[in-house]
Amino acid sequence: MTHLSLAFLAFLVYSSAAVAQRQHAIVPPTNCVDKARLDGLPIDGWRIVVNADGAKTCRREVVNEFCLGEEYRDAITGEGGCCASPQVLTWIHKGSSLGFCCPEGHHWSGNMATAVGGCCPNGAEMVNGRCVRDCGESSCATSSYSCANNPACGRGSDLGIKFGHCYALSFPESVQFGAQREAVDYIKSVYLTDVPFKVCRATTDCSLGGHITTRDGFYLQDQFSRREDRLASKGWISNAYEGPHLSFTDATSMAGLFYGVPSTCSQGGYALKLRSGPCLGGLATSCTMEQPGFTFWERVSQTLVFSEVACDDFEIPLTSPINHRVYTYRY
């Protein structure tokens with residue numbers, strides 16, 4: 001082999017080695033994560049900092065946190081969180097760590113089965129999507145009265161009245177809650193009495209249903225209408241509190257939403273306290289007139305006896321205790 005051939009062969013070997021070296025050369029890392037990965041270090045928490053000499057270096061900062069209270073998952077969103085004092089944690093399902101955390105001075109109020117509710121200030125409860133505080137109870141009426149026919153009589157939280165049934169309302173002294181001749185206000189009446197009020201779930205739903213409890217809201221539909229109304233249009237006891245009088249209204253938007261609280265049994269009778277308004281005030285006279293109207297005030301409450309009667313169309317639910325034959329209509 002000539003000297004020229006040997007030189008050419010040496011050149012080829014050198015070139016191949018150079019190419020291989022370039023192909024397998026280690027590229028210096030360009031960021032902290034790549035450098036950490038190359039060195040076999042954790043890749044989280046790195047950032048570039050400049051030291052006193054002006055050189056850029058990589059620094060790993062890791063923050064370790066733990067909950068000083070109880071860890072939970074929001075029962076609606078499923079997001080994790082930490083609820084620590086003075087916050088208040090309410091478990092919806094502790095086994096699944098589902099609950100709600102409320103700020104100091106608040107508690108969760110709502111339906112535990114459906115997790116529908118929210119945080120309310122202490123002393124208030126969630127009612128129809130808003131927090132309503134309890135304005136206190138007044139003492140029960142103790143005056144004796146003659147029991148009206150078929151008085152509703154509940155037990156515990158059961159008010160003894162039912163959805164879709166009609167009731168005449170009277171006071172402990174047996175005077176009825178009725179209407180005036182000319183005005184639309186309700187009063188202690190001797191003019192228009194025995195007014196059947198149908199208990200409804202909503203202004204669009206007066207269907208028959210089960211017993212009503214202290215937690216159920218209801219509307220009272222006046223079945224008699226007004227004497228001047230030739231169409232005998234049904235209406236509602238209005239939404240009035242802190243002064244304005246309870247009155248007949250045919251506007252569903254003005255219908256009052258009521259709640260009941262069991263009251264004193266006396267001589268076989270049974271009474272309820274109605275609650276209404278933003279503070280769930282009690283039923284009371286609005287002024288000191290000879291025939292005052294009624295409104296809802298805080299910390300006061302007159303009682304009413306609910307006596308089941310037939311509705312204005314002589315509809316008598318089969319579950320009613322009243323005598324069906326008495327109310328048979330004859331043309």
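Two strands are said to pair if DSSP finds at least two bridges between them. Helices (H or I, at least four residues) and strands (E, at least two) are DSSP runs, numbered from the N terminus. The structure shown is a predicted model, in which local features need pLDDT of at least 70 and side-chain atom pairs count only at pLDDT 80 or more, while totals for chains, interfaces and linings use all residues. Residues are numbered from 1 along each chain as its sequence is written, and side-chain values use heavy atoms, with hydrogens and water left out.

We begin with a sheet. Strands of a sheet pair through backbone hydrogen bonds, either parallel or antiparallel. Here four strands form an open sheet with mixed pairing, in the order β4-β3-β6-β5. At its edges lie β4 (80-83) and β5 (88-93), each of which pairs on one side only. From one strand to the next, the twist averages 45 degrees; the axes are lines fitted to C-alpha atoms, for helices over the stretch in contact, and angles run from 0 to 180 degrees between N-to-C directions.

The partner of β5 is β6 (residues 98-102), and the two pair in the antiparallel sense over five bridges. Within this pairing, H93 stands opposite L98 in β6.

Strand β5 also holds L89. L89 counts as buried because its relative accessible area is 19%, where buried means under 20%, exposed over 50%, and partly exposed in between (1.4 Å probe, protein chains only). Leaving aside neighbours within four places in sequence, L89 is in contact with E70, Y72, C83, F100 and C101; contact means heavy atoms within 4.5 Å. Between L89 and G99, ten residues apart in sequence, the C-alpha to C-alpha distance is 6.9 Å.

A second residue to look at is T213, in strand β16 (residues 211-213). T213 has a relative accessible area of 26%, so it is partly exposed. Not counting residues up to four places away in sequence, T213 touches S157 and L159. The C-alpha atoms of T213 and Y259 are separated by 8.7 Å, although the two residues are 46 apart along the chain.

Last comes the confidence of the model. The predictor's confidence in each residue is called pLDDT, and runs from 0 to 100. For the protein chain the mean pLDDT is 77, and 73% of the residues reach 70 or more. Over residues 134-148 pLDDT stays under 50, and the model has 42 contacts for them beyond four places in sequence. Residues 323-331 also have pLDDT below 50, with nine contacts in the model beyond near neighbours in sequence.
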